Each structure stands twice: as structure tokens, then as C-alpha cells.
Amino acid sequence: MSELNLAKQQDLTKSVLKNLSPLRFITCGSVDDGKSTLIGRLLWDTKAVKEDQEERLRKDSRKQKDGLNLPEFALLLDGLQAEREQGITIDVAYRYFSTPKRTFIVADTPGHEQYTRNMATGASSAQLAILLLDARVGILEQTKRHAMIASMMGIKQFILAVNKIDLANYDRQIFETIETEFSEFALSLGITDIISIPMCALKGENVVNKDLDHMAWYEGPTLLEVLERATIRSKQTVGFRMPVQRVCRPNESFRGYQGTVSGGAVKPGDSVVVLPSGIKANVTNIITFDLVRNAAVAGDAITLELDRNVDIARGDMISSIDARPLVGHNFSANIICLVKSGIVANKRYWLKSSSKLQRVVVELISVIDLKSGQYDACDSFELNNIGKVKLRFEEIANFDIYDENPDTGSFILIDPDSNNTIAGGMISAKIEQVTNIDNSTDEEIIVFSMSLVEAKKLQQLEGFKAISDKVQQTQTTKGKLRDLLSDID
Amino acid sequence: MSEIENHQKPPLEPHLKELENEAIFIFREVAAEFENPVMLYSVGKDSSVLLHLARKAFYPEKIPFPLLHINTGWKFSQMIEFRDELIKRYELELISFTNPRGANENVTPFTHGSALYTDIMKTQALRMALDDGQYDAAFGGARRDEEASRAKERIYSFRTPDHRWDPRNQRPELWSIYNGMIRKGESVRAFPLSNWTESDVWQYIKAENIPIVPLYFAKKRPVIERDGMLILAEDERLELAPNEQIKQMDIRFRTLGCFPLSGAIKSSARNINEIIKEIEVATVSERVGRAIDRDQAGSMEMKKREGYF
């Protein structure tokens with residue numbers, strides 16, 4: 001038996017129950033930083049590449065430029081013919097690999113600026129982002145842009161992969177300069193969880209295996225070690241939410257509501273409220289194919305039975321009574337434009353969120369200049385633009401703020417003319433009353449409620465600072481807020 | 001709640017539970033959003049998992065759509081037996097469709113070559129069956145880890161009225177919010193197993209005790225060697241070339257399709273634990289036994305654009 005097979009046998013004996021949820025992550029970087037090579041290397045060193053794939057890979061590989069006698073890893077990933085021909089990645093590719101400790105789903109996203117939308121797609125379901133850069137080149141605008149998009153999409157954990165360190169003579173000074181510069185930038189975005197790793201993806205140094213020959217000075221973890229211990233944000237600390245996907249009526253005597261718990265937990269006996277109707281009921285049973293359960297938590301696909309017959313349809317939200325989502329006609333949101341035709345101000349679109357389709361009119365507020373990070377007022381949104389909008393619903397809507405619950409705070413916009421998905425969005429606040437703040441008189445009170453995180457961001461804006469003397473700011477709980485608001489007409 | 005059966009088992013590992021939850025969500029979403037869905041059922045292991053998840057998704061209701069089997073007429077006889085027994089046991093609605101051109105023009109994998117045969121009896125047959133039923137959504141068991149072009153397939157994969165897939169122009173898919181808006185004649189293929197790997201499928205079959213066709217388990221069976229593949233020699237329609245001899249060998253199948261095009265592997269894995277062990281140390285990918293993938297580079301992408309699953 002060859003050594004390779006022996007090694008695999010040993011891996012198997014180590015194989016223990018994978019007690020961690022799979023980690024979904026994205027890789028981003030500029031065109032030639034070697035993203036595909038990095039993922040290829042991860043697949044290779046975790047033995048996810050099979051012999052026939054290797055054989056095809058070697059057949060397809062162009063000349064060997066490095067003398068390592070390895071196939072071109074990038075070809076593993078660039079699956080579509082057009083990509084193979086052009087030698088670039090043009091769409092999001094999902095790859096899977098596992099170690100004895102964990103399984104991984106990686107979205108390989110393109111580096112070209114015009115494909116920002118694909119990066120946002122990959123980032124939407126990821127819990128961690130690897131930002132790749134070339135040690136010889138250092139931090140580019142693109143690196144910052146990707147960090148900004150990933151952070152906006154709710155990613156909290158970052159790995160700065162300082163690649164091609166071999167071509168920078170394994171110079172510790174170079175690595176540390178990049179590390180410091182990036183940390184300072186990241187802090188300005190509110191990113192605090194960053195691990196920087198010097199590596200050479202092509203040779204596999206500090207990816208899966210530690211490099212002690214050239215980088216003995218680096219005492220931190222390898223890339224795979226960081227991935228294996230990355231945390232996944234718990235959705236169980238927020239209020240109970242279950243968007244109703246369908247009503248299950250197998251016979252006259254049974255009526256159940258099917259959906260996936262998208263926040264908090266529920267158990268039989270809990271009182272719940274149905275939105276938007278506001279009707280209350282008690283949970284009698286949590287039914288799954290396997291057994292009648294005594295509790296369900298975020299992520300579980302279940303069927304709920306309630307103690308009374310109430311009018312509930314697809315798109316309704318079943319929520320805990322004491323921690324409800326925000327309910328209203330007007331919300332503000334961050335969105336990213338995904339189509340060439342752009343987003344047209346004041347056009348009626350479809351908005352889909354949590355299994356619910358609604359009509360919405362989008363008011364464009366500002367678009368971010370990805371170079372400076374500043375928001376500029378705008379009257380149109382083009383492909384790959386990211387910015388702030390106001391959503392005006394025709395019927396009452398309910399959301400959570402994206403930072404608090406991404407499942408119930410995210411949405412897509414669909415163009416009724418093309419049926420295409422034209423934007424992805426994240427709710428940032430509910431707008432209590434719609435008035436132009438500059439024209440408000442002394443008698444008028446405008447109330448904004450938003451999460452603490454959002455409020456902090458707002459306070460940093462120049463525009464806000466200019467009018468801050470007119471603003472009374474109060475920090476409160478949702479329950480107290482309701483009492484407070486009930487006193488206002 | 002006497003009508004609720006008790007299927008109690010030890011809890012699933014977290015990564016399998018997450019995959020299961022995601023698949024159930026997709027099933028419910030499609031069933032609620034489309035008027036006339038159908039589930040493509042190929043009788044293979046992925047289809048078995050898909051069927052199991054569909055039963056779970058709608059329970060205590062029965063699966064609210066029919067199953068569609070594209071039968072080329074050249075499937076392993078064990079697959080058809082297994083299919084019919086399962087349909088009876090779970091009281092499912094099955095539509096079996098065979099392209100009439102097969103009989104009319106005597107299209108066989110031997111006479112027409114694997115590429116043309118597959119196009120007529122699988123791709124065209126599927127399009128005819130979908131048109132016949134006027135289905136606006138079709139569930140499939142495809143996984144992104146199977147093949148390079150599938151790695152970019154969306155969960156809701158949009159198809160034009162003539163069933164074409166345009167890989168360069170796919171709808172963006174963010175979070176788990178799927179866009180099911182289509183015009184009349186257009187359709188969506190939905191893939192609940194997108195994020196599963198072959199290893200996940202086997203571990204799930206084991207954990208959930210899902211029945212599968214016995215050909216997946218190793219046994220002494222009669223085979224011939226042809227074009228570097230081991231072909232099962234049980235069907236009388238298999239004509240032997242003068243130099244071909246039937247041998248008895250311990251074999252099993254990693255994927256099942258039409259018997260003349262499905263290569264067996266030498267194996268002694270007689271039960272699910274042995275299969276899982278075998279896969280963990282396997283050094284070739286599962287599609288290596290599929291003749292149709294080897295026709296030319298990028299061959300799966302070309303077939304998919306034409307409407308193949």
C-alpha cells in the first residue's frame with residue numbers, strides 16, 4: 001500500500017463525530033492574488049481531489065512554471081467552459097471539503113470589479129471571509145472594497161491571507177506592515193476579528209501545513225486551523241420567529257403551519273403572535289417526521305400546531321409576543337444592485353423576504369463611493385452600486401434589523417417586468433414617520449428607532465452631526481419603546 | 001395525535017441536520033410557490049435521499065406532487081423492481097415516461113452511441129415529459145460537488161420555455177431567498193441537495209436507514225469488461241463480442257443509470273458501513289464510471305444547456 005493510502009487510513013481512524021456545524025466562507029481578492037489556487041490547495045491538501053479529477057487536471061494544465069510538478073489548481077474551480085478559455089472566474093462556484101473536525105462550504109467569488117454582485121452573493125450566506133492579497137503588492141482598493149462589502153453583508157470574522165510571501169523573501173517586516181495597515185482600516189469599518197497569516201498557496205505553506213523552514217518567525221495558526229475553530233453566530237438569543245411557508249392540511253382534523261425557525265426557540269405551551277394580523281395563540285405541538293418534539297430552535301424545519309383556528313397564510317410571521325419584529329410601512333435599508341438595468345427610483349417592485357412577496361416602492365437615498373467610503377446623494381442605482389434606500393410598502397410589513405437577525409432582516413428585489421432578481425437588501429431601521437427632516441418645524445416630532453449598532457453608525461455621519469443639536473437621543477428596550485411611542489400621536 | 005407515526009432515531013450530526021433543514025425548506029418553498037411541481041426520480045441513491053426528504057418536508061401530509069421517472073428502457077431490472085415496491089409502500093404517485101422514438105426507431109445505447117442515445121432517451125425524453133405535464137417546477141437530486149459545471153448551478157435554476165439553461169446569465173441567489181417568479185411556459189429546476197457531497201448522502205442514508213437499490217452493495221455478479229468499464233451481464237439484450245467473456249466478480253455500483261453505460265467497481269463493501277469506509281479512502285470520483293461524462297471536455301455543461309438534468 002502506498003504512503004498516501006496509509007495516510008488516508010490513519011485519517012479515517014481519527015475520524016470522530018463532527019460536532020460543529022459546517023462553516024460557510026468566501027474567498028475574495030484581486031484578480032491575480034491566487035484565490036483559485038488557494039482553494040485548489042485546500043482541496044488538494046485535505047484530499048478532496050480524486051485521481052480521475054487529478055488526471056483530467058494534469059491533462060488540462062498548461063506548462064508547469066514552478067517546477068513543483070503540481071497541476072494548475074485553478075482549473076479545479078473554473079468549471080465553465082468560458083472560464084477555462086478566458087482563464088478567469090466569472091461566477092460564484094461552491095466547493096466542499098472536510099477534515100476530521102468539520103465540513104466546509106466555500107464560495108469562490110470573482111475578483112473583477114464588475115463582478116462585485118457575485119461577491120455579495122457569496123458573502124450573503126458566509127460566516128467568514130478570507131481576504132487574499134499579494135505580499136509584494138500589499139493592500140489594494142479592491143481589498144478594502146471587498147472588506148467593506150463583506151462587513152456590510154454581516155460577516156464578522158476575517159482572515160487576511162498575505163499570499164506569495166515566498167516572492168517577498170518570507171520577509172517578516174513586509175507581513176507585519178500589511179497586517180498593521182489592514183487592522184487600522186478594518187477598525188474603521190468596525191471589524192475587530194481579523195487574523196493575518198503569511199502564506200504561499202502554491203507551495204502550500206501555512207495553508208493546511210505549517211511552514212517551519214522559511215517562516216519560523218510566524219507563531220500563529222495555519223489557515224485551516226482558523227477555519228476549523230471559527231465560530232458560527234447563534235440565532236437563538238433573539239426573539240422567536242417562524243415565517244409560515246405553507247399550511248399543512250392532510251385531513252379535516254389537522255391544521256399545521258410549516259416553516260423554518262429563523263430566530264429564537266419555541267416549545268409547546270408558548271404564547272405566540274401572528275403578524276401582521278396581531279392575533280395571539282398558544283403552541284400545542286411541534287411536529288416533525290421523526291417525532292413530536294418538546295422544543296425547536298433556530299434552523300429547525302418544523303410544523304407548528306396552535307390551540308385555536310386562526311387565519312394564517314403563507315407569508316405570515318409567527319413571533320414571540322415579548323420580542324416582536326418591527327412592524328410598519330416604511331423601512332430604511334442598505335442594498336446592492338445586481339443588474340445592468342439598475343434600480344429605478346419610485347418604481348413598484350416585488351420584494352421577497354422570509355417567504356413573503358410584497359409590493360414596494362424604492363426611494364433612492366445615497367450611494368457609497370467604494371474608493372472613499374463616503375455616501376453621496378443619488379437619483380439612480382447602477383450595477384454593483386451599494387447604497388441606502390427607503391422602502392415604502394403598500395401593506396404593512398415586518399422585519400428585524402439585519403444586524404440582529406439576518407434571516408428576517410434580508411430581502412431581494414424582483415423586477416416585475418423581467419422577473420429577474422435586481423437587488424439584495426438588508427434592513428437597517430424602521431422609519432416611524434415620513435417627513436423630510438430638513439423641512440420639519442419645531443412642533444413636529446420625527447421618531448426613528450434603530451438598533452444600537454445602527455445608531456452608532458448614524459451618529460458618525462457628517463450630515464447627522466450637523467443637525468445633532470435638534471435630535472434627542474434615547475437608548476431603550478423594545479418594550480419600553482412601545483410605551484414611549486403610544487404617548488405620541 | 002394517534003395518526004402521527006413515531007420514527008424516532010438518534011439525533012443527526014449537526015452538519016447533516018443543517019443539510020436536511022435546508023432541503024426541507026426548499027421543498028416547502030417550491031411546493032408553495034409553484035402551481036404544478038414534479039419531482040424527478042431516477043431510483044438512484046440521491047433520488048432515494050430526495051424522496052425521503054420530501055416525505056419529511058410535508059409530513060403529516062403526503063407528498064403533494066407526483067414523481068417523474070424518465071425510463072430509457074435500459075435501466076437495471078433491479079431498479080425497476082425497487083421503484084415499484086417503494087411506490088406501493090409509500091403510496092406515491094409515479095409517472096414513468098419513455099420516449100416513443102426509442103421503440104419506433106430502435107434507439108439503443110449499442111446502435112446509436114452513448115451521446116446520441118442519451119440525448120434522445122434522456123434529454124429529449126425529459127423535455128417531452130415536462131411539456132406533457134406542463135410542470136412549472138421540477139425537483140432534481142443534482143449536487144454541486146458532482147461535476148465542475150454543476151458547482152455554479154443555483155438552487156432555483158431558471159429554464160426557458162424550451163428548457164434551456166444559460167449558465168452565463170443566471171439569476172443572483174442571495175441568502176436563502178429564492179426567486180420563483182416566472183412567465184407561462186418557463187420553469188424552474190429546484191435542487192434541494194445542492195450542498196450535499198457524496199459522503200453526506202451515504203452518511204444520511206445510514207443515519208436515516210433509507211432503502212436503496214441492492215446494486216449499491218457488493219456481491220458476486222456476472223460482468224464483462226468493455227472499453228475499460230465493468231458492465232453487468234444479466235440482461236439478455238447485452239450482446240457479447242467474440243473476445244468478451246462473462247466473469248463472476250465481487251462488484252457494486254457507485255452510481256446507477258442505464259446498465260450498458262454504468263460501470264461497476266470491484267468492491268467488497270457489502271453493507272453501508274463498508275461503503276462509507278470505501279468512499280472515504282476512494283481515490284477516484286463517483287462519476288468516473290459514467291460513460292456520458294467522458295465524451296469530451298465540458299461535456300456535462302453542454303448536455304445541461306440542452307436541458308439534461
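This note walks through salt bridges in a predicted model.

1. Overall count. Taken over all chains, the structure holds 41 salt bridges. Side chains of opposite charge can pair when their charged atoms come close. The points below pick out a few cases.

2. A bridge between chains. Glu29(B) pairs with Lys352(A) in a salt bridge, with the closest N and O atoms 2.9 Å apart. This pair crosses from one chain to the other. Glu29(B) sits in helix α1 of chain B, residues 14-33. Lys352(A) sits in strand β18 of chain A, residues 348-353. Glu29(B) and Lys352(A) are both buried.

3. Neighbours on chain B. Lys45(B) and Asp46(B) meet through their side chains in a salt bridge, 3.8 Å from N to O. Lys45(B) is buried, as is Asp46(B).

4. Which residue does the side chain of Asp46(B) meet at 3.2 Å, N to O? Arg143(B), again in a salt bridge. Asp46(B) lies in helix α2 (residues 45-58) of chain B, while Arg143(B) lies in the loop between β4 (137-139) and β5 (156-159), so the pair ties together parts that are 97 residues apart in sequence.

5. Burial of that pair. Is Arg143(B) buried or exposed? Its relative accessibility is 1%, so Arg143(B) counts as buried. Asp46(B) has 14% relative accessibility and therefore counts as buried. The cut-off for buried is under 20%.

6. A network. Salt bridges also link Asp290(A), Lys17(B), Glu20(B), Lys56(B) and Glu208(B) in a network. Asp290(A) belongs to chain A, and the network includes Lys17(B) from chain B.

Note on methods
Residues are numbered from 1 along each chain as its sequence is written. Chains are lettered from A and ligands numbered from 1 in the order in which they are written. This is a predicted model: local features need pLDDT of at least 70, side-chain atom pairs count only at pLDDT 80 or more; totals for chains, interfaces and linings use all residues. Side-chain values use heavy atoms; hydrogens and water are left out. A salt bridge is a side-chain nitrogen of Lys or Arg within 4 Å of a carboxyl oxygen of Asp or Glu. Helices (H or I, at least four residues) and strands (E, at least two) are DSSP runs, numbered from the N terminus. Buried means under 20% relative accessible area, exposed over 50%, partly exposed in between (1.4 Å probe, protein chains only).
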